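Visitor: I am new to this structure. Could you show me one part of it closely, and also how that part fits into its surroundings?

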Amino acid sequence: MTALQIIFLFVAAVTLASAVMVVSARRMMHAALWLVLSLAGVAVIFALLDAGFFTVVQVLVYIGAIAILIIFAIMLTRKAMEDVGPQLNRGWWLAALAAVGVFAGLAVVLVSWPGVNASAGAGPDANLIVTFGKDLVDPHKFVMPFEVASVMLLAALIGAIYVSVEHKGGQK
Amino acid sequence: MNLENLVAILPLAALIVWAVLVLLVDLWIPKSRKFITALITAAGLALSLGLTLAQNGQSRSAFGGMVAVDGFAVLLNVIFLASGLAAVALAYDYLKRMGIERGEYYALLLFSISGMMLMAYASDLIIVFLALELLSIPLYVLAGFARPRSESEESSLKYFLLGAFASGFVLYGVAMIFGATARTDLAGIVAAMGSGTGNPLLFIIGAGLLLVGFGFKVAAVPFHMWTPDVYQGAPTPVTGFMSVAVKAAGFTALLRVFTALFRGDVYADLWPLLWGMAALTMIAGNVLAISQKNIKRLLAYSSIAHAGYLLMAFVPYGTRLQGDAVASTLFYLIAYGLTSFGAWAVVVALEKNEGMGLEIEDFAGAGRRYPWLGLAMIVFMLSFTGIPLTLGFWGKLYLFRTAVEGGYIGLALVGLLTSIVSAYYYLRVLVVMYMKPGEPVAQGGPWVNILAVATAAAVVLLALFPGPILDLVSKAIMLQ
């Protein structure tokens, strides 16, 4: 066993274990933190596979944005911080069945895929990111959607602030 | 080169920069002088309008085919910017009267209009989606602008939830079409489907999903459920703006995307759906409007009905009558826009504080007490019904002609019959205004009165000389 394989097994175990903790942790906040660890594990696996771009996206989008959003949502929601109720409800076996079914389906599809045993060579990964970055600001490619998206986010930001700020005074 | 690209979208770029400026400058304007913000906003709209008119006669694409500057875009952008000016005029005194005079109204309005302008330029599905979002997101907030009032919050939330859902449909449709052809630019998609490399099944699914998403934006039956509640709860100037500009933007998207992409076989599959949607929208809008007691709800259902008439002209787009379908839709949009803004101006003038005074019965006596507003309202109601000597008549005539010549005589018949039904509820408003005694108070302020009288004059005068508009809409050709 090479060092890389040992690292992979360790990271995979951590990822799976923390994923289990996400659904079994009693406190919402703990579950969110376990989720961050699980997502970080996936990022490490991407790195082990030489997929630099996916590693960066995983960290920036999932850990940096989505996990933080979840934590904010928990902290801003009243009473969600406290642990309440049992972990399982009556339909738990249905959820378990669905999870096993999805896993089995994915496993079958992956195993029957001819490329499952092929080892990925060094891809044009680094070049791809450079091309992607250049295309985003290329006037003949995607600079227009890129800039419009930023304008849209600005408008959404103003709207969100307007909706959420308490207006005191000036009202009848 | 880059500069050429920027010049191509100069009216849009100027408006976005102006929106940010309005937001900044508003910080230094004291609460008692917010009318300055309104004036700055109007100046920005006028500037963009001037730049748009300077683009007249151009026909070119920019940003690598992402946007197209053509007669179609110029005409629609003029409609959007004029709607913006009308929305500022409606809000000028209204916001102050209702105690919700804040600068964000104007900044959000400008952002929304810039989304609509982008929609008119769009010749790539990515741009279509982004434009749809850019025009919708500020409107979700504007619908809830009278925030502490619960109807306004309800309106905002309903519009947001259903609007986000509809945007999902559009995005899914774009994804399907991308999956079918591996392209997002309209020209590339047409080429891919023409050369037979595309997947026809995914393509038609994409077409259906886009139809659902755009159908929501124009409030076509069966995607109209949100309209009455949202129109009733939103501040009246915002409702007026939505009823004209958002509808126009939705039809912009339909015309741009459908006339370019879904032709031939796909059209043969699509037209029964469009036919059904148009017929249902005309019937449901007009029939449901009959029993309304609130003027805002009445006009909301009336706007649904008019979306049906517009769809009727749109149905023959895949036949040899494409030019007529586009031109008659645009003509009716202009007629409907002028009439609708005028009617909303009368509603704003007679609305009392806290959203009171909006029952039709509250308009009793208004015709005698305010002869000018009453006269204007007569013009608008007749124009909505489509009675001669108003622009609405020419609009409907053109719509019916397009439908009949396209071979959709049944649809034209539905339109004709529902127009007769609509006369009942439009004329009832006039009966209440003139025949019943009452003492309403008009406090709309000068700009609202000017808007009402000016649009009424335009509806009548342009009906006497419809030539220039017919000329304009027939020249509004899309770059393909």
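**A helix and its setting**

Guide: In this predicted model, chain A averages a pLDDT of 82, and 85% of its residues score at least 70; pLDDT is the predictor's confidence in each residue, from 0 to 100. For chain B the mean pLDDT is 89, with 99% of its residues at 70 or more. The model scores are ipTM 0.87 and pTM 0.86. Because this is a predicted model, local features need pLDDT of at least 70 and side-chain atom pairs count only at pLDDT 80 or more, while totals for chains, interfaces and linings use all residues. Residues are numbered from 1 along each chain as its sequence is written, and chains are lettered from A and ligands numbered from 1 in the order in which they are written.

Chain B has 20 helices and 2 strands, where helices (H or I, at least four residues) and strands (E, at least two) are DSSP runs numbered from the N terminus. Chain B is as compact as a globular protein of its length, because its radius of gyration of 21 Å is close to the 23 Å that the globule rule gives for 480 residues. That radius is taken over C-alpha atoms, and the globule rule is 2.2 Å times the number of residues to the power 0.38. The C-alpha trace of chain B spans about 70 × 55 × 40 Å along its principal axes.

Of the 480 residues in chain B, 59% are buried. A residue is buried if 20 or more other C-beta atoms lie within 10 Å of its own, exposed if 12 or fewer, and partly exposed in between, with C-beta atoms placed from the backbone. Contacts require the C-beta atoms of two residues, placed from the backbone, to lie within 7 Å. Among the contacts in chain B between residues at least 6 apart in sequence, 79% join residues at least 24 apart.

Helix H3 of chain B takes in residues 35-54, 20 residues in total, and reaches 29 Å from its first C-alpha to its last. This is close to the 28 Å expected at 1.5 Å a residue, the expected span being 1.5 Å times one less than the number of residues. Which residues of H3(B) are buried? They are B:Thr37, B:Ala38, B:Thr41, B:Gly44, B:Leu45, B:Ser48 and B:Thr52. These residues cover an arc of only 120 degrees around the axis, which puts them on the same side of H3(B); the arc is that of the directions from the helix axis to the C-beta atoms. An α-helix has 3.6 residues a turn, so residues three or four places apart point the same way.

The face of H3(B) turned away from the buried side carries the exposed residues B:Ala43, B:Gly50 and B:Ala54. Over the buried residues of H3(B), the cover includes H2, helix H4 (71-98) and helix H5 (104-121) of chain B.

H6(B), residues 125-143, has 19 residues and reaches 27 Å from its first C-alpha to its last, close to the 27 Å expected at 1.5 Å a residue. H6(B) is mostly covered, with 18 of its 19 residues buried.

B:Ile9 counts as buried because it has 23 C-beta neighbours inside 10 Å. Apart from neighbours within four places in sequence, B:Ile9 is in contact with B:Ala62, B:Val67 and B:Tyr121.

Two loops of chain B hold backbone features worth noting. The peptide bond from B:Val221 to B:Pro222 is cis, with omega near 10 degrees, and B:Pro222 lies in the loop between helix H9 (200-217) and helix H10 (226-233). B:Ala182 has a phi near 60 degrees, a positive value in a residue other than glycine. B:Ala182 sits in the loop between helix H7 (150-181) and helix H8 (186-194). Most residues other than glycine have a negative phi, and most peptide bonds are trans.

Buried residues make up 11% of the 172 residues in chain A. Between the chains, 20 residues of chain A are in contact with 27 residues of chain B. The side of chain A that touches chain B has 13 nonpolar, 5 polar and 2 charged residues; Ala, Val, Leu, Ile, Met, Phe, Trp, Tyr, Cys and Pro count as nonpolar, Asp, Glu, Lys and Arg as charged, and the others, Gly among them, as polar.
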